[in-house]
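Hello,

Here is the structure we talked about handing over. Please open it first, then read my notes below.

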Amino acid sequence: IQGLAAYSGIARRPPPTRLNGPLSPHRTWAGSRAQLSDVREIRQVLHGTVKDVVLAALSGGLRTLLVSRHEDIARDRALRTLVPVSVRAKGASGEYDNRVSAMFAELPIGIADPVARLASIRGQMRHLKRTHEAVAGEVLTSMTGFAPELLLGLGARLATRVPPSLSL
């Protein structure tokens, strides 16, 4: 129940940006690579998880993009996105299964300092884990056996008002 309550905070409409507008064939994307050893070193020095470091780097990249497009990135500005998370559990045979769910996270694009951005992400992810939002997400996604995917997708989008344009 605590996890489902955490989902209630995402029902507000996100602030508009060029990133969460309607999808069209004119949209493009770009990728980036990093060495896992570098990410792990940052994680070890500054604490947190590999996912925290990746989300902080992603937030910095989105910040740079929005600044280059003269968008508002006030100190408290964040972009909401879905973050995949493992919700593995030990099975009857003693082995862990491979189950994945998602949590909504706010990428702190308003924070210019990369160390402060990582600290913000780290605190937020700890909070989301404590509220069991990933387990709630798994419960919602497990309903696919009871309702057609299209209806579940429309219902989730309507309930959360999250445009399908920005997800991890």
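This is a predicted model: local features need pLDDT of at least 70, side-chain atom pairs count only at pLDDT 80 or more; totals for chains, interfaces and linings use all residues.

**A buried arginine without a partner**

Start with Arg 122: this residue is buried, yet has no salt bridge. The nearest side chain of opposite charge is Asp 52, at 5.7 Å.

Arg 122 sits in helix H4. Leaving aside residues up to four places away in sequence, Arg 122 touches Leu 46, His 47, Gly 48 and Asp 52.

**Helix H4**

H4 covers residues 114–130, which is 17 residues. At 1.5 Å a residue, the helix should span 24 Å. The end C-alpha atoms are 24 Å apart, so the two values agree.

Which residues of H4 are buried? They are Arg 117, Leu 118, Ile 121, Arg 122, Gln 124, Met 125 and Leu 128. An α-helix has 3.6 residues a turn, so residues three or four places apart point the same way. Compare that with the numbering of Leu 118, Ile 121, Met 125 and Leu 128, which are among the buried residues of H4.

**The core**

The largest nonpolar core has 19 residues. Seven names stand out there: Leu 55, Leu 62, Leu 66, Leu 79, Ile 109, Ile 121 and Met 125 touch the most other members. Helix H3 (50–68), strand S1 (79–86), strand S2 (100–107) and H4 each supply at least two residues of this core. H3 gives the most, with 5 residues. As background, nonpolar side chains tend to be buried together in soluble globular proteins.

**The strands and the salt bridge**

S1 and S2 pair in the antiparallel sense, over 8 bridges. Pro 84 stands opposite Ala 102 in S2. S2 is mostly covered, with 6 of its 8 residues buried.

How many salt bridges does the structure hold? It holds 1. The side chains of Glu 106 and Arg 80 meet in a salt bridge, at 3.3 Å from N to O. This pair links distant parts of the chain: Glu 106 is in strand S2, Arg 80 is in strand S1, and they are 26 residues apart. Arg 80 has 8% relative accessibility, so this residue counts as buried. Glu 106 is partly exposed, because its relative accessible area is 23%.

**Two histidines to check**

Most residues other than glycine have a negative phi. Two histidines here have positive values. His 47 has a phi near 75°. His 47 lies in the loop between helix H2 (36–46) and H3. At 52% relative accessibility, His 47 counts as exposed. His 47 is also one of the residues that Arg 122 touches.

His 70 has a positive phi of about 60°. This residue is found in the loop between H3 and S1. His 70 is exposed, with a relative accessible area of 74%.

**The whole chain**

The protein chain has 6 helices and 2 strands. From the N terminus on, the order is α-α-α-β-β-α-α-α. Of its 168 residues, 32% count as buried. Among contacts with a separation of 6 or more, 70% come from residues 24 or more positions apart.

Best regards

Terms used. Residues are numbered from 1 along each chain as its sequence is written. Side-chain values use heavy atoms; hydrogens and water are left out. Helices (H or I, at least four residues) and strands (E, at least two) are DSSP runs, numbered from the N terminus. The expected span of a helix is 1.5 Å times one less than its number of residues. Buried means under 20% relative accessible area, exposed over 50%, partly exposed in between (1.4 Å probe, protein chains only). A nonpolar core is a set of buried Ala, Val, Leu, Ile, Met, Phe, Trp, Tyr and Cys residues joined through side-chain atoms within 4.5 Å. Lys and Arg count as positive and Asp and Glu as negative; His and the chain ends are not counted. A salt bridge is a side-chain nitrogen of Lys or Arg within 4 Å of a carboxyl oxygen of Asp or Glu. Contact means heavy atoms within 4.5 Å. Two strands pair if DSSP finds at least two bridges between them.
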